[in-house]
Amino acid sequence: MPILSAVPNLFRLARGGFVMSREGALRLADPLELPPLARTLLRIGRLIEKRSAKDGGEGLANALERLGPSYVKLGQFLATRPDVVGFKTARDLERLHDRVPPFPQEVAEAVIVEALGAPLEARFVSLGPPVAAASIAQVHRAIVRDADGRERPVAVKIVRPDVGRRFSRDLSAVFVVARLLERWAPKTRRLKPIEVVRTLARSVSIEMDLRLEAAALSEIAENTAADPGFRVPAVDWERTTRSVLTLEWIDGVKLSDRAGLAAAGHDLPALGRHLMQTFLRHAMRDGFFHADMHPGNLFVEPAGTLVAVDFGITGRLGLKERRFLAEILHGFIVRDYRRIAEVHFEAGYVPADESVDEFARALRAIGEPIHSRTADQISMARLLTLLFEVTELFRMQTRPELLMLQKTMVVVEGVARTLDPKLDMWRTAEPVVREWIERNLGPIGLAERATGELRKLARGLEGLPDLMLRVNRTSVELEEVVRGGFTFSDESIQAIAYAVQRRAFWGDLALWVIAISLVIYVFR
């Protein structure tokens, strides 16, 4: 049976290898990291390469487009993993958006009927042809009628039929490649190819459930309700299921249409600053951000409001990661390289046996050239790229959430600079970074953390009666054990119970002292 199931994978791998060879994608492979047999196959593959094949990442992107939707999705995912494919290749793969042929209108209508459990005309007045198609789903413009009889336009996102089975089939072949790499190319093991494919499979599973995208939209809407100049489309939950997502239709100009933006009277440099600050605010303040902010997913409404769509890919940062981001950006702004180094060690990203001073010197080598350039020559995304390259020398572990942040920042910065080539990234970022630091590392932040610790202490005290009951029960059980043959005396049992009670008492007392000290420190 395993042999029979392996045959289709072998055919898929053979076809994939042929297409990769023809499009020049094999140029990305380093022969020195491959075993002799793989090196031979690589040389043979290069012989059938097309003369018109593009170099590096462009060739890989062309090959993935030819291989179909599953492989396009693989390319989109690899664009978020510069640690695996390199930063240049990741940027080349970012063009794999909305380049998949749409599936027929009648198929889309059948998916909607099955998903909503009602005839199409019962839920929609009309359903137009697809306006965008990607590897997992496509989008249609439709009209709905509300309970009051008013009609309004909506965007209907529909998952491709049978997409789950196709992805499962293609990913099984990709898993074979990952296992071969880990087995035969030891130098690739640090990149964890099998784990990368597992992450891809998990990401695709999430994207294929449009209820989760609707939930992401809802969360972003709550986080940004008070933010001027930014919003996301409202979700029509009545017409949303696992395979169908219905949203408010957005009438606006795509951020990629510079001519259209200028014709509509929008201030392009102001839009660039607003976009960058919006992204940083979401990442640092909320810890939840749109991780696919290419220009096709961003619209500007007539009033100038920025609207983001397509939340299939999102990123999340914990408080530690947000503090890390804020302090390193602030450190580079004020040239405090020692503090940047300390933050890496405090976060546990760099092993404790490395030298803080040596790491600070390496950071200085990154930061000083920045301050000799004009503002429009300084790239924040490039800075983070160099930072990650240097940290490899100090054995910093790969942090997927920071890589997602860095990848998104590359895209956002690129879009912002198309709107204003002279954009001063540091002056733009400084108010958001300063606001976060003052709010979270200043007196207010310390007070909130102290309050949080007091709440934890209170919850611990609430459980004190249960603890005493358990101690008493333990004492009774020990007495029963003694009757069964052990030679503990009554005095010994009482001493054990007293020791447990005493330890709990002093532990709680210590927590109280710490909490009160924090409050005194904050409000002194």
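## Close-up views of the predicted model

**View 1. Arg-27 sits in the loop between helix H1 (2-23) and helix H2 (36-47).** The model is predicted: local features need pLDDT of at least 70, side-chain atom pairs count only at pLDDT 80 or more, and totals for chains, interfaces and linings use all residues. Residues are numbered from 1 along each chain as its sequence is written, and side-chain values use heavy atoms, with hydrogens and water left out. Helices (H or I, at least four residues) and strands (E, at least two) are DSSP runs, numbered from the N terminus. Arg-27 has a relative accessible area of 27%, so it counts as partly exposed. Buried means under 20% relative accessible area, exposed over 50%, and partly exposed in between (1.4 Å probe, protein chains only).

**View 2. The chain as a whole holds 22 helices and 10 strands.** It has 524 residues, of which 45% count as buried. Contacts (heavy atoms within 4.5 Å) were sorted by sequence separation. Among those in the chain with a separation of 6 or more, 68% join residues 24 or more positions apart.

**View 3. Strands E1, E2, E3 and E5 form an open sheet of 4 strands.** Their order is E1-E2-E3-E5, with antiparallel pairing. E1 and strand E5 (244-248) are the edges; each has a single partner strand, so one side of each is left without a neighbour in the sheet. Neighbouring strands are turned by 30° against each other on average, direction ignored. Axes are lines fitted to C-alpha atoms, for helices over the stretch in contact, and angles run from 0 to 180 degrees between N-to-C directions. Two strands pair if DSSP finds at least two bridges between them. Strands of a sheet pair through backbone hydrogen bonds, either parallel or antiparallel.

**View 4. Strand E1 (residues 126-133) pairs with strand E2 (residues 137-145).** The sense is antiparallel, over 5 bridges. A hairpin of 3 residues takes the chain from E1 to E2. Leu-127 has Ala-142 in E2 as its bridge partner. Ala-132 stands opposite Val-139 in E2.

**View 5. E2 pairs in turn with strand E3 (residues 151-159).** This antiparallel pair has 9 bridges. Ile-143 is bridged to Pro-153 in E3. The hairpin has 5 residues between the strands, and Gly-149 in it takes a positive phi near 90°.

**View 6. Helix H11 (residues 210-223) lies across E3 and E5.** The helix runs at about 25° to E5.

**View 7. Asp-162 lies in the loop between E3 and H9.** Its phi is near 65°, a positive value in a residue other than glycine. With a relative accessible area of 42%, Asp-162 is partly exposed.

**View 8. The largest cavity holds about 60 Å³ of space.** In a search of the whole structure, 3 cavities of 30 Å³ or more were found. A cavity is a set of points, on a 1 Å grid over the protein atoms alone, where a 1.4 Å probe fits but cannot get out; lining residues have an atom within 4 Å of a point. Grid points are joined across faces, edges and corners, and a volume is the space filled by probe spheres set on the points. The lining of the largest cavity consists of Ser-70, Tyr-71, Lys-73, Leu-74, Phe-167, Asp-170, Leu-171, Val-174, Leu-200 and Val-204. Helix H4 (69-78), helix H9 (163-184) and helix H10 (193-207) each give two or more residues to this lining. By class, 7 lining residues are nonpolar, 1 is polar and 2 are charged. Ala, Val, Leu, Ile, Met, Phe, Trp, Tyr, Cys and Pro count as nonpolar, Asp, Glu, Lys and Arg as charged, and the others, Gly among them, as polar.

**View 9. Strands E4, E9, E8 and E6 make up an open sheet of 4 strands.** They follow the order E4-E9-E8-E6, and the pairing is mixed. Strand E4 (230-231) and strand E6 (253-254) are the edge strands, each pairing on one side only. Strand E8 (residues 298-300) and strand E9 (residues 306-308) are antiparallel over 3 bridges. Leu-298 stands opposite Ala-308 in E9.

**View 10. Arg-335 is found in the loop between helix H14 (319-334) and helix H15 (337-346).** Arg-335 is a residue other than glycine with a positive phi, near 65°. It counts as partly exposed, at 43% relative accessibility.

Terms used: 1 Å grid on protein atoms, 1.4 Å probe; cavity = no way out; pocket = protein on both sides within 12 Å on 5 of 7 lines; lining within 4 Å.
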